[in-house]
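Subject: Structure handover

Hello,

Here is the structure we talked about. My notes on it follow below.

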Amino acid sequence: MPQSTIHCRNTRLLRGARLVLAAIVVSALPAVPAAAASLAPWKDELFAYPAVIESSDGGAMRVVDYQEMRDINGRDQVPERRAKAAYVSTAVKRDLENLTISTPRGSVDVAATGKQQGANFTVIFIHGRGGDRRLGNNDWSFGGNFNRLKNLAVHNGGVYYSASVKSFDDKGAAPIAGLIEEARRNSPGAPVVLSCASMGSFICWQIARDPEAVRNLAGMILMGGAPDPNYIESAAYKAKMPIYFTHGESDKVYKAQDQVAQFRKLLKAGVPTQFVLFRTGSHGTPVRMTDWRETLNWIFAH
């Protein structure tokens, strides 16, 4: 049946109005990142935790068996320098880009692996003292654990940023807050997880005080980090943002029991939290032994 020009024009206006209404509804959605589907396995038989030898706090606290001879010498071709080939797949190099990202809060150098636009999830890793983006981008060190994270990102449609920080204070944290915002803009609705190792934990604690950054985060991972005695004053604490701790029992840099005490305070306050303690593990053990897939899936589920 023939339609008049006025009818067609009205139809286009109606469609346009619907699009505008849809845009308004989307912009009004909560900014808290949505939970992602569970990450598919990748070499889980090699990277899953050894035996759990103790469990407490309703299962939120686990002590995992760690043995240097097995978990370093048995896993590395050259101990602490090069993992055995079975633990690594360098095919992800085609999805790797070293770049400097400019944000309103400052520029940040990153090694980015995966889908930078429309990612299903984002993981940002912050190194400790003396490091830079190369540490979290090394395929062969730490038993191949960062290579596993890169493969998990690529195979699950996510993106992994290993970032450089210039200092471990508010000035160093500002560009990371900018990177978090950039990740949310690039992948609306997808969860962003911030992971900090060792002295990099100071960056996590700074970010936790930034309400806008917290609004854009799904959770944080602290690996062998320092406790924050003032965390209860942070925006992250008030938002009950999920936080996952991993720590070496024999860490001589940041004592494990100090971090365990903080974990238990958060647990008592109703903050979603987990703690994995590596029996006899040292300061660097969490970077080598943290099970990225289990940890990220736990955060995505909360």
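pLDDT is the predictor's confidence in each residue, on a scale from 0 to 100. This is a predicted model, and the protein averages a pLDDT of 90, with 88% of the residues scoring at least 70. Where pLDDT is low, the predicted coordinates should not be read in detail.

Cores

The largest nonpolar core has 51 residues. Ile176, Leu194, Ile207 and Met220 have the most contacts inside it. Helix 5 (residues 170-186) supplies the largest share of this core, six residues. Apart from this core lies another, of 34 residues, which includes Phe47, Ala83, Trp140 and Tyr244.

Leaving aside its neighbours within four places in sequence, leucine 194 is in contact with Ile124, Ile126, Ile176, Ile180, Cys204, Ile207, Leu217, Gly219, Met220 and Ile221. Two of these names, Cys204 and Ile207, come up again among the buried residues of helix 6. Helix 6 (residues 201-208) is mostly covered, with six of its eight residues buried. The buried ones are Ser201, Ile203, Cys204, Trp205, Ile207 and Ala208.

Helix packing

Helix 4 (residues 145-155) packs against helix 11 (residues 292-300) at an angle of about 50 degrees, and their axes are 10 Å apart. The two helices are therefore oblique to each other. On the helix 4 side the contact is made by Asn145, Phe146, Arg148, Leu149 and Leu152; on the helix 11 side, by Trp292, Arg293 and Leu296. By class, this contact has five nonpolar, one polar and two charged residues.

Individual residues

Histidine 247 is in strand 11 (residues 243-248). Is histidine 247 buried or exposed? Its relative accessibility is 1%, so histidine 247 counts as buried, the cut-off being under 20%. Not counting residues up to four places away in sequence, histidine 247 touches Gly224, Gly225, Tyr254, Lys255, Ala256, Gln259, Phe275, Val276, Leu277, Phe278 and Pro286.

Tyrosine 237 lies in helix 8 (residues 235-238). With a relative accessible area of 21%, tyrosine 237 is partly exposed. Beyond its neighbours within four places in sequence, tyrosine 237 is in contact with Tyr231, Ile232, Leu266, Ala269 and Val271. Tyrosine 237 and glycine 270 are 33 residues apart in sequence, and their C-alpha atoms are 9.8 Å apart in space.

Backbone angles

Which residues other than glycine have a positive phi? Phenylalanine 142 is one of them, with phi near 50 degrees. Phenylalanine 142 is placed in the loop between strand 7 (122-126) and helix 4, and is partly exposed at a relative accessible area of 24%. Threonine 280 also has a positive phi, of about 70 degrees, although it is not a glycine. Threonine 280 is found in the loop between strand 12 (273-278) and helix 10 (285-289). At 45% relative accessibility, threonine 280 counts as partly exposed.

Regards

Conventions. Residues numbered from 1 in each chain as written. Predicted model: local features only at pLDDT ≥ 70, side-chain atom pairs only at ≥ 80, totals over all residues. Heavy atoms only, no water. Axes fitted to C-alpha atoms, helices over the stretch in contact; angles between N-to-C directions. Helix = DSSP H or I, 4+ residues; strand = E, 2+ residues; numbered from the N terminus. Parallel < 35°, antiparallel > 145°, perpendicular 65-115°, else oblique. Contact = heavy atoms within 4.5 Å. Nonpolar A, V, L, I, M, F, W, Y, C, P; charged D, E, K, R; others polar. Core = buried A, V, L, I, M, F, W, Y, C linked by side-chain atoms within 4.5 Å. Buried < 20%, exposed > 50% of the residue type's maximum accessible area, 1.4 Å probe, protein only.
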